[in-house]
Amino acid sequence: MSRKPIHLAAHFPGVNNTTVWTDPTAGSQIEFDSFVHLARTAERGLFDFFFLAEGLRLREHRGRIYDLDVVGRPDTFTVLAALAAVTERIGLTGTINTTFNEPFEVARQFATLDHLSDGRAGWNIVTSSDAFTGANFRRGGFLDHADRYARAEEFLAVARKFWDSWAPGAVPADVGNGVYVDPDRIRRVEYSGTHFEVRGFATLPAGPQGHPVLLQAGDSAAGRAFAARRADAVFTLHTSLHDGQRYYADMKGRARSYGRDPNQLKVFPAVTVVLADTDAQAQEKARHIRRQQVSGATAIAMLEQVWGRDLSGYDPDGPLPDVEPIADSAITQGRVRHADPVALARRYRDKAAAENLSIRELVIAVTSRQQFVGSPAHVADEIDRYVQADACDGFILVPHLTPHGLDEFVDRVVPLLQERGAFRTEYAGATLRAHLGLGPGARV
Ligand SMILES: Cc1cc2nc3c(=O)[nH]c(=O)nc-3n(C[C@H](O)[C@H](O)[C@H](O)COP(=O)(O)O)c2cc1C
């Protein structure tokens, strides 16, 4: 049986506590050099795409801007367009929200990016709909949580109409002769729905890919259904082998149920890698990184997000709070709060009691996302094993350092994956769709 090809993507380190900002090699989150280094390193490693997450409002905790957000988050399209000029083959994928934007603008921006990059644009569709983020955008009101995928469906339908509205060759070679354009060459976009009333024309033809590669990140039943119908790939946090296999089977089955080829929906969990010469050294390094990621103050802040109340009087090296969480507290804004904080707090207390953990140790244990820790050979084995066992089609690597977080992986793990014949030794195609083995995109 032939091996499944492994796909890899590079997540630019986020505004979160996975990224270790106190490391002496840590660079800026804003300066172009950081983006260039990570994107070029990923391209040197023949990754499928570079990936930007999105945050449209600085998070606040206890009514104040929260420490890590001050590292900043520049605009997605501007960064990706600039990267198009300094990279040649790697896909350029950005997270863009369907709640706070307009389909015309987003369709136009992605078509432009696809042209500027010669067919390397990818859109990670998210539907975040909280009023806190919305306050940066709207003059009142925001989207009801239940409507976020209904709006996303309409948003994408309108965007696709814009991309499909210019016939191939709509711009004739002899343009400039002062004749009216044939309405079959550039069709009027007309859409009437609950969320959008649109009547107009796209200002440019679709890019080389026709439609950008569409990713989706969101795990509710509605989110999964949306992705199974519309997306080319999903970004997921189902990272353990068995959980991943269940999720993979579910998503591929859903795609099949909509009449799609399941191979045309790729599954990408996030993964964090810690490398060292030996497995034992890597474990030690991982413990050190975890303590840098979760300081005592961060541990208290993270616990306050669950408890929904001020826990500043508690010692991070002491036992868990004996008070109960407040269910509907707004202590933290801009983060998704756990649906049942009382049950979660109970689980945390049980775990801390069973394993004799302090607050900081408990937070380190429950927020750990270091999945593959070991020598390059061990990490290559694990990545290949997950892909071949149908837990995923590849990974979005989330480095813990900006901008050097992928250097070692590209130098030491990629060659081992190539030796196994499971990872490309050169880019075969020019577009992101070609890298991912995708056709023109879902049309259901
Ligand atoms: C893996 C993953 C990554 C996400 N990344 C982002 C992001 O970068 N920006 C954002 O606004 N929302 C992000 N989201 C959040 C969701 O798209 C959004 O909150 C959505 O409403 C949640 O959808 P759901 O209810 O289907 O899970 C992400 C979600 C997941 C699962």
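Let's start at Leu46, which sits in the loop between helix 1 (32–44) and strand 2 (49–52). When I say helix or strand, I mean DSSP runs, H or I of at least four residues for helices and E of at least two for strands, numbered from the N terminus. Before going on, a word on the model: it is predicted, so local features need pLDDT of at least 70, side-chain atom pairs count only at pLDDT 80 or more, and totals for chains, interfaces and linings use all residues. Residues are numbered from 1 along each chain as its sequence is written, and side-chain values use heavy atoms, with hydrogens and water left out.

Back to Leu46, then. Its phi is positive, about 60°, although Leu46 is not a glycine. For background, most residues other than glycine have a negative phi, and most peptide bonds are trans. Is Leu46 buried or exposed? Leu46 is buried, with a relative accessible area of 11%. Buried here means under 20% relative accessible area, exposed means over 50%, and partly exposed is in between, with a 1.4 Å probe and protein chains only.

Now please look at Asp118, in the loop between helix 3 (103–116) and strand 6 (121–126). Asp118 also isn't a glycine, and its phi is positive, near 60°. With 56% relative accessibility, though, Asp118 counts as exposed.

Asp67 is in the loop between strand 4 (64–65) and helix 2 (76–86), and Asp67 is exposed at a relative accessible area of 53%. Asp67 and Val15 are 52 residues apart in sequence, and their C-alpha atoms are 9.6 Å apart in space. Pro403 belongs to the loop between strand 14 (394–397) and helix 13 (407–412). The peptide bond leading from Thr402 into Pro403 is cis, with omega near -5°.

On to helix 9, residues 296–307. How far apart are its end C-alpha atoms? They are 16 Å apart, which agrees with the 16 Å that twelve residues should span at 1.5 Å a residue; the expected span is 1.5 Å times one less than the number of residues. Helix 9 is mostly covered, with eleven of its twelve residues buried. Among them are Gly296, Met302, Glu304 and Trp307. Which elements do they pack against? The buried residues of helix 9 pack against strand 3 (60–61), helix 8 (279–293), strand 12 (332–333), helix 10 (341–355) and helix 11 (359–366), where contact means heavy atoms within 4.5 Å. Just after helix 9, Gly308 takes a positive phi of about 65°.

Seen from helix 11, the buried residues are Ile359, Arg360, Leu362, Val363 and Ile364. They pack against helix 8, helix 9 and helix 10.

Last stop, the ligand. It is surrounded by 15 residues, and the closest are Arg148, Tyr149, Ala217, Asp219 and Ser220; a residue is near if one of its heavy atoms lies within 4 Å. By class, that shell holds six nonpolar, six polar and three charged residues. Nonpolar covers Ala, Val, Leu, Ile, Met, Phe, Trp, Tyr, Cys and Pro, charged covers Asp, Glu, Lys and Arg, and the others, Gly among them, are polar.

Taken alone, the ligand exposes 630 Å², and the protein buries 76% of that, by the Shrake-Rupley method with a 1.4 Å probe. Thanks, everyone!
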